[in-house]
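Thanks for sending this one over. Here are my comments, in the order I would go through them with the model open beside you.

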Amino acid sequence: METTALTDVPAAHQGSDKIWSMLSHLSALLGVGFVLPLVVYLAMRRESESVAANAREALNFHISVLIYSLCCLPLVFILIGIPLLLVIGFGSLVLAIIATVKASNGVCYRYPLTLRLVP
């Protein structure tokens with residue numbers, strides 16, 4: 001499955017816009033999960049469309065990872081859930097880093113296999 005960048009979102013022009021976008025994608029590594037992208041999205045959706053788009057993508061991704069992880073928990077008892085949780089964890093780490101690099105370049109990254117729950 002091929003991932004593409006959102007083309008209709010304007011590029012981030014200010015340095016603070018890039019920082020908020022990058023922090024939204026790195027929130028899982030910072031230990032705050034989907035709380036930081038939610039706060040950034042709610043606070044910045046009227047001020048900067050690029051920050052809102054990045055925060056929305058990060059929020060959808062973190063919620064999707066949480067749902068996928070919860071679905072794997074019952075599978076731990078039959079031992080298939082452990083490797084699945086490892087793959088989800090490693091994949092989310094790699095994708096968050098890729099999205100952060102894209103956000104630092106002013107591009108909104110669309111995560112693959114993400115449920116679009118926040119429109």
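Predicted model: local features only at pLDDT ≥ 70, side-chain atom pairs only at ≥ 80, totals over all residues.

1. Let's begin with the charged pairs. The structure holds 3 salt bridges. In general, side chains of opposite charge can pair when their charged atoms come close.

2. One of these bridges joins the side chains of Arg56 and Glu49, with 3.8 Å from N to O. How covered are the two partners? Arg56 has a relative accessible area of 19%, and because buried means under 20%, Arg56 counts as buried. Glu49 is partly exposed, at 40%.

3. Glu57 deserves a look of its own. Its side chain meets that of Arg110 in a salt bridge of 3.8 Å, N to O. This pair links distant parts of the chain, since Arg110 sits in the segment after H5 and Glu57 in helix H4, 53 residues apart. The side chain of Glu57 also meets that of Arg116, here at 3.0 Å, N to O. Arg116 lies in the segment after H5 and Glu57 in helix H4, so this pair ties together parts that are 59 residues apart in sequence.

4. Taken together, Glu57, Arg110 and Arg116 are linked in a network of salt bridges. Is Glu57 buried or exposed? With 4% relative accessibility, Glu57 counts as buried. Arg110 is partly exposed, with a relative accessible area of 27%, and Arg116 is partly exposed too, at 34%.

5. Now for the largest pocket, which holds about 240 Å³ of space. Its lining includes Phe61, Tyr68, Ile88, Leu95 and Pro112. Which helix gives the most to this lining? It is H5, with 5 residues. H4 and helix H5 (81-104) each supply at least two.

6. A nonpolar patch of about 690 Å² is made by Leu30, Val32, Phe34, Val35, Val39, Leu66, Leu70 and Leu73. The elements that give two or more residues to this patch are helix H3 (35-44) and helix H4 (49-72). Leu70, for one, is found in helix H4.

Conventions:
Residues numbered from 1 in each chain as written. Heavy atoms only, no water. Patch = residues over 30% accessible without salt bridge, like charges linked within 9 Å, V, L, I, M, F, W, Y side chains within 5 Å. Areas by Shrake-Rupley, 256 points an atom, 1.4 Å probe, with all protein chains shown as cover. Salt bridge = Lys/Arg side-chain N within 4 Å of Asp/Glu carboxyl O. Helix = DSSP H or I, 4+ residues; strand = E, 2+ residues; numbered from the N terminus. 1 Å grid on protein atoms, 1.4 Å probe; cavity = no way out; pocket = protein on both sides within 12 Å on 5 of 7 lines; lining within 4 Å. Points joined across faces, edges and corners; volume = space filled by probe spheres on them. Buried < 20%, exposed > 50% of the residue type's maximum accessible area, 1.4 Å probe, protein only.
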